[in-house]
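Q: I'm new to reading protein structures. Could you put one on screen and walk me through its features step by step?

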Amino acid sequence: MPAKRFPSELSSLYPRHRLQLSFAALNSIYGDMSARGNIVPDDVLRMIFEELEVPAPASGTHHLLGDSDTVLENRRTLGRAACVCKAFYGHAVRVLWRHLDDLVPLLHLLSSFAEVGTGGHPARSGTYMVCDDISSAEFDRLVSYASHVTTVGMRKLRTSPMRDILAATWVHIGRQAQGRPLLPNLRELYWRWSSTHCCGLLYIVSPSLTHLTIMVDPNDGSRWEREAAFKTLLAGVFTTAPGITRIEVEARSSPTIIPATIIARLRSVRRLAIGGQLVTDTDALRPLATLEGLRHLVLGLVQDVVPSFIGFNDLESLTLVQYPRDDLFFRVLASQRLVNLKIGFFVIRSTSSVSRTCEVWAHAFPSLRTISCTFGCLNIPTHSEPLASHIQPLFALPTISSLCLRLGNGQCTISNADIHDIAMAWPGLVTLELSNASSRAADSEGLGVASLLDLALRCPNLKKLRLPLLEISWRDLANSDGYPLLDHGLQDLKLPNCKVEFDQYSLGALLLDRLFPHLKLQLRQSPLTVEPTSGWERLEYNIWLCHRARRQQEQRGRSRGAEASAAVLAQVA
């Protein structure tokens with residue numbers, strides 16, 4: 001009797017190259033063991049079906065449209081596999097229900113759950129509710145599938161339509177559950193709180209919850225009623241799930257004061273993100289400062305903060321969507337351990353404000369390693385200062401490894417002298433990104449090859465480099481043989497406004513290839529079919545030609561070496 005082959009329904013499991021050996025082994029084992037009347041080992045099936053799981057995206061991110069196609073295809077494959085045999089059913093169902101975009105598919109297991117309308121809201125695809133009683137058999141079936149769910153809502157697109165579940169549905173489910181959480185193994189949850197009367201969140205959270213994201217978007221009640229209802233909701237959630245380590249809260253409606261005293265009860269929280277229209281002031285920061293385990297803090301709207309207390313001593317990462325009006329804010333958040341500082345938008349009010357702010361940062365965060373900030377100004381200044389003069393106070397921090405500054409036009413100038421000062425101050429730089437700045441001051445040399453040489457010689461760990469402009473003169477091209485042949489490990493280089501004198505981009509590429517031979521280029525279009533247009537695209541294309549020529553030369557060298565070795569062996573034989 002011939003051995004059975006692997007079921008054709010699972011042929012779509014094969015596209016990943018790393019699975020080919022596993023499926024080949026399973027096919028052989030399946031055939032051999034089926035001939036003897038045995039079954040495939042359960043561990044083998046478990047590992048194979050686990051490969052079809054697409055992990056939920058990291059906090060604060062959303063998957064791309066291309067990724068959604070992969071998710072849908074994997075779900076179809078798991079659904080087909082669950083219908084093949086009992087051996088596949090358990091593993092396929094467990095992976096299939098592990099990550100849900102929302103709870104509508106799960107509640108559709110109830111025959112009385114249906115769409116009741118769109119509510120007249122153009123952004124909503126529908127409103128759902130349970131329209132009749134739930135039988136014990138149906139609810140047991142629902143609970144069985146719900147036990148596999150670990151993530152809800154973390155994969156939704158920003159443009160995905162919102163589907164509401166009316167509060168009456170949760171009344172039915174709560175009565176059936178009799179105090180038991182609907183999702184006993186839930187780990188991560190994205191929840192949209194759309195009404196002050198909706199308390200469905202209390203029926204699904206469990207003690208296993210570690211990551212909670214809440215979108216505060218109620219469409220009823222006054223501001224006072226919304227704030228009071230939200231506090232009550234969070235108090236109930238935190239009582240059930242005291243082990244939450246990451247919480248993100250965002251409000252889309254009118255400005256709302258965050259319930260800081262309730263959040264402060266989560267002694268295990270390590271990451272706290274407060275965004276949207278939620279307002280952070282002195283009264284809100286004071287109770288949050290008592291969270292000893294807090295390591296990462298994200299704040300949206302920050303009102304005037306009076307530094308009347310201290311805290312946040314163990315903070316490691318701070319992100320501000322908007323810069324506060326007063327630098328006194330950083331006295332409250334001063335931390336000896338903070339290494340990552342990200343400012344979404346900083347409005348410059350005077351030419352000295354940047355330097356003064358950098359001095360505050362250097363004093364408040366002496367262990368700072370990563371700085372990212374976007375600067376903007378209300379009026380373009382008539383006189384621009386060199387970049388080094390603005391960030392001079394930060395040169396006292398030798399631990400800086402990443403500097404990303406996005407500057408408005410006319411705010412400062414960047415020249416070879418500025419890059420030299422940066423390279424001297426921070427030899428451990430890994431990332432340097434400077435954008436949207438004037439390239440030249442009246443008394444400076446501009447930004448040229450000397451800047452790249454400084455970074456190549458003084459920053460051996462540099463992996464990513466962005467400069468707003470680079471001018472390669474004919475003198476640099478003529479003396480290119482005088483530049484050293486380096487083995488620098490820079491991989492990512494972008495020069496949006498690159499100019500090579502006399503359009504000698506091939507010579508410019510040879511010069512850059514001497515300094516950075518390990519660049520990983522990401523050409524937007526095929527250079528063989530579309531001719532580059534901008535200066536950087538032309539330079540990038542010529543660097544790509546240099547890399548291809550070097551690879552061909554290395555292949556010829558290896559081929560000649562192999563031929564020589566073969567000839568020697570033939571003579572010996």
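Q: How far apart are the closest N and O atoms in the salt bridge between R458 and D454?
A: A salt bridge is a side-chain nitrogen of Lys or Arg within 4 Å of a carboxyl oxygen of Asp or Glu. For R458 and D454, those closest atoms are 3.3 Å apart. Keep in mind that this is a predicted model, where local features need pLDDT of at least 70 and side-chain atom pairs count only at pLDDT 80 or more, while totals for chains, interfaces and linings use all residues. Residues are numbered from 1 along each chain as its sequence is written, and side-chain values use heavy atoms, with hydrogens and water left out.

Q: Where do R458 and D454 lie?
A: Helices are DSSP runs of H or I with at least four residues, strands are runs of E with at least two, and both are numbered from the N terminus. Both residues lie in helix α16 (residues 449-458), four residues apart, or about one turn of the helix.

Q: Is D454 buried or exposed?
A: Buried means under 20% relative accessible area, exposed means over 50%, and partly exposed is in between (1.4 Å probe, protein chains only). D454 is buried, with a relative accessible area of 15%, whereas R458 comes out at 34% and counts as partly exposed.

Q: How many salt bridges does the structure hold?
A: Side chains of opposite charge can pair when their charged atoms come close. Here the structure holds 15 salt bridges. One of them joins R98 and E50, at 2.9 Å from N to O. R98 sits in the loop between α4 and β1 (99-100) and E50 in helix α2, so the pair ties together parts that are 48 residues apart in sequence. R98 is buried at 13% relative accessible area, and E50 is partly exposed at 25%.

Q: Which residues are linked in a network of salt bridges?
A: That would be R295, D314, E316 and R337. Within it, R337 pairs with D314, with the closest N and O atoms 3.6 Å apart. R337 is in the loop between α12 (329-332) and β12 (340-348), and D314 is in the loop between β10 (296-302) and β11 (317-320), 23 residues away. Both are partly exposed: R337 has a relative accessible area of 38% and D314 one of 28%.

Q: What is the nearest side chain of opposite charge to D476?
A: For charge, Lys and Arg count as positive and Asp and Glu as negative, while His and the chain ends are not counted. The nearest one to D476 is R475, 4.8 Å away, and D476 is buried yet has no salt bridge. You'll find D476 in helix α17 (residues 474-478). Contact means heavy atoms within 4.5 Å, and, leaving aside neighbours within four places in sequence, D476 is in contact with V449, Y483 and L511.

Q: At what angle do helices α2 and α4 pack?
A: Axes are lines fitted to C-alpha atoms, for helices over the stretch in contact, and angles run from 0 to 180 degrees between N-to-C directions. Helix α2 (residues 42-50) and helix α4 (residues 86-96) pack at about 35 degrees, with their axes 9 Å apart. The residues making the contact include L45 and F49 of α2, and F88 and V95 of α4.

Q: In which sense do β6 and β7 pair?
A: Two strands pair if DSSP finds at least two bridges between them. β6 and strand β7 (residues 211-216) pair in the parallel sense over six bridges. In β7, H211 is the bridge partner of E188.
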